[in-house]
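Biologist: I would like to learn how to read the features of a model like this one. Could we go through it step by step?

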Amino acid sequence: MQLIDQRFLPDRFVIEEVSTVEQIATAIREMHVRGAGLIGATAGYGMYLAAMEATARRSFDQHLTSAAAQLKATRPTAVNLSWAVERQLKNIAEGKTAEEKIALALRTARLIAEEDEEHCRMIGQHGLNLIQQIARKKAGKPINVLTHCNAGWLAFVDYGSATAPIYAAHDSGLPVHVWVSETRPRNQGSKLTAWELGEHGVPHTVIADSAGGHLMQHGEVDLVIVGTDRTTYTGDVANKIGTYLKALAAKANNVPFYVALPSASIDWDMRDGLKEIPIEERGAEEIKHADGWLDGQQVEVRIAPEGSPTANYGFDVTPRHLVSGLITERGICEPNETSIRALFPEHAT
């Protein structure tokens with residue numbers, strides 16, 4: 001199995017070979033792969049590898065259970081991860097022999113990846129309609145979209161969530177421009193989103209995280225679109241740390257704030273995002289150090305006092321009242337339980 005090791009982007013495109021559950025877990029935990037949809041798809045294939053490994057273990061089911069726990073522990077905020085693992089466990093259990101279980105695991109892994117790609121494509125089409133409405137009011141002037149972190153094709157199997165409408169708009173000939181928030185501490189906006197947009201030919205400008213509010217105050221942002229790692233069925237949104245501040249600024253300046261997500265990112269068990277969504281806390285090195293490229297070599301430097309303590313929260317929660325709408329594969333809905341369940345009636349209570 002091959003993965004793009006995103007730690008080396010944007011300066012080097014590295015393909016990593018993985019063949020064990022342990023390697024998959026490491027790749028997810030250490031962010032060789034990251035992003036809600038891709039984490040889910042990777043975990044799906046991780047469970048296929050677990051099924052392969054289980055044939056050589058004393059207890060097939062015990063090894064699957066252990067692998068599932070190992071994978072789910074790697075990134076606690078992203079619900080796509082546990083969703084994919086639980087889907088695999090349910091489907092694999094239908095097999096009666098080891099060979100049948102392995103075949104079911106492979107089929108399910110492929111389905112998870114294929115669905116992720118198609119759902120993101122549809123998010124692009126529904127989001128395109130939103131951008132087209134803004135374009136009609138702009139009379140040929142560029143539509144300025146602000147995004148945060150990376151919710152592009154690198155974070156999914158293809159298209160991305162937040163970037164899918166942007167790509168669709170650009171490809172249809174609309175003059176779209178993207179403000180790319182750098183997204184400290186790992187700079188996934190300035191490293192990954194900017195690289196993606198540049199490779200696709202989409203006009204964009206990298207900005208400091210704290211510049212978003214200033215741009216909104218001066219009418220330089222027409223629309224905010226972000227992704228999410230977990231959204232409650234009531235519309236509370238967990239996304240990369242700093243998203244909440246963007247939502248507050250958007251609300252204060254009457255800028256539409258939309259969240260793009262496949263339904264696999266909806267947590268159908270959680271009601272109150274602030275109280276219930278687990279917020280991942282990562283290591284101090286991401287705050288106190290920064291990496292980059294110097295003379296063809298990737299180097300890391302310390303940017304904070306060595307003795308200073310750190311608090312590295314990976315995500316924050318944007319309450320539903322700050323969200324204009326959710327862009328899903330089935331259409332755009334309001335961020336509330338009634339609207340969300342109406343779009344996904346199979347989850348109606």
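Modeller: A helix here is a DSSP run of H or I with at least four residues, and helices are numbered from the N terminus. Keep in mind that this model is predicted. With that in place, helix H1 covers residues 21-29. Met 31 follows H1 and has a positive phi, near 65°.

Biologist: Which residues of H1 are buried?

Modeller: Buried means under 20% relative accessible area. In H1, this applies to Val 21, Ile 24, Ala 25, Thr 26, Ala 27 and Ile 28. Their packing partners are strand E1 (2-4), helix H2 (36-54), helix H3 (60-72) and H4.

Biologist: H4 comes up there. How should I read a pair of packed helices?

Modeller: Two numbers describe such a pair: the angle between the axes and the distance between them. For H4 (residues 79-92) and H5 (residues 98-138), the axes come within 9 Å and cross at roughly 145°. The crossing of H4 past H5 is right-handed.

Biologist: Which residues make that contact?

Modeller: H4 contributes Trp 83, Ala 84, Arg 87, Gln 88, Asn 91 and Ile 92. From H5 come Lys 101, Leu 104, Ala 105, Thr 108, Ala 109, Leu 111, Ile 112 and Glu 115. By type, the contact residues split into 8 nonpolar, 3 polar and 3 charged.

Biologist: What about a residue in a loop, such as Ala 162? Is Ala 162 buried or exposed?

Modeller: Ala 162 sits in the loop between strand E3 (143-147) and helix H6 (164-171). Its relative accessibility is 1%, so Ala 162 counts as buried. Leaving out residues up to four places away in sequence, Ala 162 touches Thr 147, Ala 151, Ile 225, Val 226, Gly 227 and Ala 260. Thr 234 is 72 residues from Ala 162 along the chain, and their C-alpha atoms are 20 Å apart.

Biologist: And the chain as a whole? How many helices and strands does the protein chain have?

Modeller: The protein chain has 12 helices and 15 strands. Its radius of gyration is 20 Å, close to the 20 Å that the globule rule gives for 349 residues, so the chain is as compact as a globular protein of that length. Along the principal axes, the C-alpha atoms fill a box of roughly 65 × 50 × 40 Å.

Biologist: What share of the residues is buried?

Modeller: Of the 349 residues, 54% are buried. The accessible surface of the chain is about 15,300 Å², with 50% of it belonging to carbon and sulfur atoms. Among contacts with a separation of 6 or more, 74% join residues 24 or more positions apart.

Conventions
Residues numbered from 1 in each chain as written. Predicted model: local features only at pLDDT ≥ 70, side-chain atom pairs only at ≥ 80, totals over all residues. Heavy atoms only, no water. Axes fitted to C-alpha atoms, helices over the stretch in contact; angles between N-to-C directions. Helix = DSSP H or I, 4+ residues; strand = E, 2+ residues; numbered from the N terminus. Left-handed = near helix turned anticlockwise from the far one by under 90°. Contact = heavy atoms within 4.5 Å. Nonpolar A, V, L, I, M, F, W, Y, C, P; charged D, E, K, R; others polar. Rg over C-alpha atoms; globule rule 2.2 N^0.38 Å. Buried < 20%, exposed > 50% of the residue type's maximum accessible area, 1.4 Å probe, protein only. Areas by Shrake-Rupley, 256 points an atom, 1.4 Å probe, with all protein chains shown as cover.
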